Amino acid sequence: MEVFDAVSTVLAVRQFQDKPVPEQLVHQIVEAGHLTASSANGQPWHFIIVQDKETLRQLGALVQTGPYIAQAPLAIVVGMEHSPFAVSDASRAIQSMILTAWAQGIGSNWTGFDNLKQINPVLGIPEEIEILAIIPFGYPVAALGKGRKKRKPLREVAHRERWNQPFA
Ligand SMILES: Cc1cc2nc3c(=O)[nH]c(=O)nc-3n(C[C@H](O)[C@H](O)[C@H](O)COP(=O)(O)O)c2cc1C
């Protein structure tokens, strides 16, 4: 899949088939996060790869905005070391993983945002590591395709040369 195809078709997937993500794809997704660029190459991220059903169930119960994590065959918990760039660095890694997965037919979604301290003890993550998000992955239940994106009109958010001069 071309990069722009992936960007323009990827959607938040919240329902997953009861089918494992092949291990080789799990590795590719994690490697996509690992290879992402970060400020001063600081790489302040940690990826905890969760495939155990009971742990996934616990994560789904703890993340109010992501109960469907419980139904996913895989979730990646993204933790951050303390750094002023941690959120931007880890967010880029998350996007790399989401797009890599999507290009291979695997749906996912960002769930939670920071303030996920209740997850640390479940996975034995040290207190000083802040969890930014939990990303469930799996084969989508419904076929998702092009043309379903809801976005503000481009002219509202893209300006040519100066503020308020429409780009398109
Ligand atoms: C930073 C961030 C946090 C998000 N948090 C959640 C969340 O907690 N639960 C959820 O179901 N979706 C969450 N989403 C998914 C967005 O709601 C979704 O991407 C957006 O509505 C656009 O839909 P689309 O991705 O299908 O185009 C989050 C997305 C981002 C980028």
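**Exercise 1.** Find the residue that lies over the face of Tyr139.

*Solution.* Keep in mind that this is a predicted model. Start at the ring of Tyr139 and look over its face: there you meet Lys19, at 4.1 Å from the ring centre.

**Exercise 2.** Work out how the rings of Trp110 and Phe113 are arranged.

*Solution.* The structure holds 2 aromatic pairs. In one made by Trp110 and Phe113, the ring centres are 6.0 Å apart and the planes meet at 15°. Planes under 30 degrees apart count as stacked, so this pair is stacked.

Next, check how open each partner is. Trp110 has 28% relative accessibility, so Trp110 counts as partly exposed. Phe113 comes out at 52%, so Phe113 counts as exposed.

**Exercise 3.** Decide whether Ser108 is buried or exposed, and list what Ser108 touches.

*Solution.* First, locate Ser108: it's in strand E3. Next, take its relative accessible area, which is 4%. Buried means under 20%, so Ser108 is buried. Finally, leave out residues up to four places away in sequence, and Ser108 touches Leu11, Ala12, Val13, Phe16, Ile98, Ile135, Pro136 and Phe137.

**Exercise 4.** Describe helix H4 and what its buried residues pack against.

*Solution.* H4 covers residues 86-103, so count 18 residues. Its first and last C-alpha are 26 Å apart, close to the 26 Å expected. Its buried residues include Ile98 and Trp102. The elements they pack against include helix H1, helix H2 and strand E3. Just after H4, Gly105 takes a positive phi of about 85°.

Key. Residues numbered from 1 in each chain as written. Predicted model: local features only at pLDDT ≥ 70, side-chain atom pairs only at ≥ 80, totals over all residues. Heavy atoms only, no water. Helix = DSSP H or I, 4+ residues; strand = E, 2+ residues; numbered from the N terminus. Expected span 1.5 Å × (residues − 1). Buried < 20%, exposed > 50% of the residue type's maximum accessible area, 1.4 Å probe, protein only. Contact = heavy atoms within 4.5 Å. Phe/Tyr/Trp six-rings, centres within 6.5 Å; stacked < 30°, edge-to-face > 60°. Lys NZ or Arg CZ within 6 Å of the ring centre and 35° of its normal.
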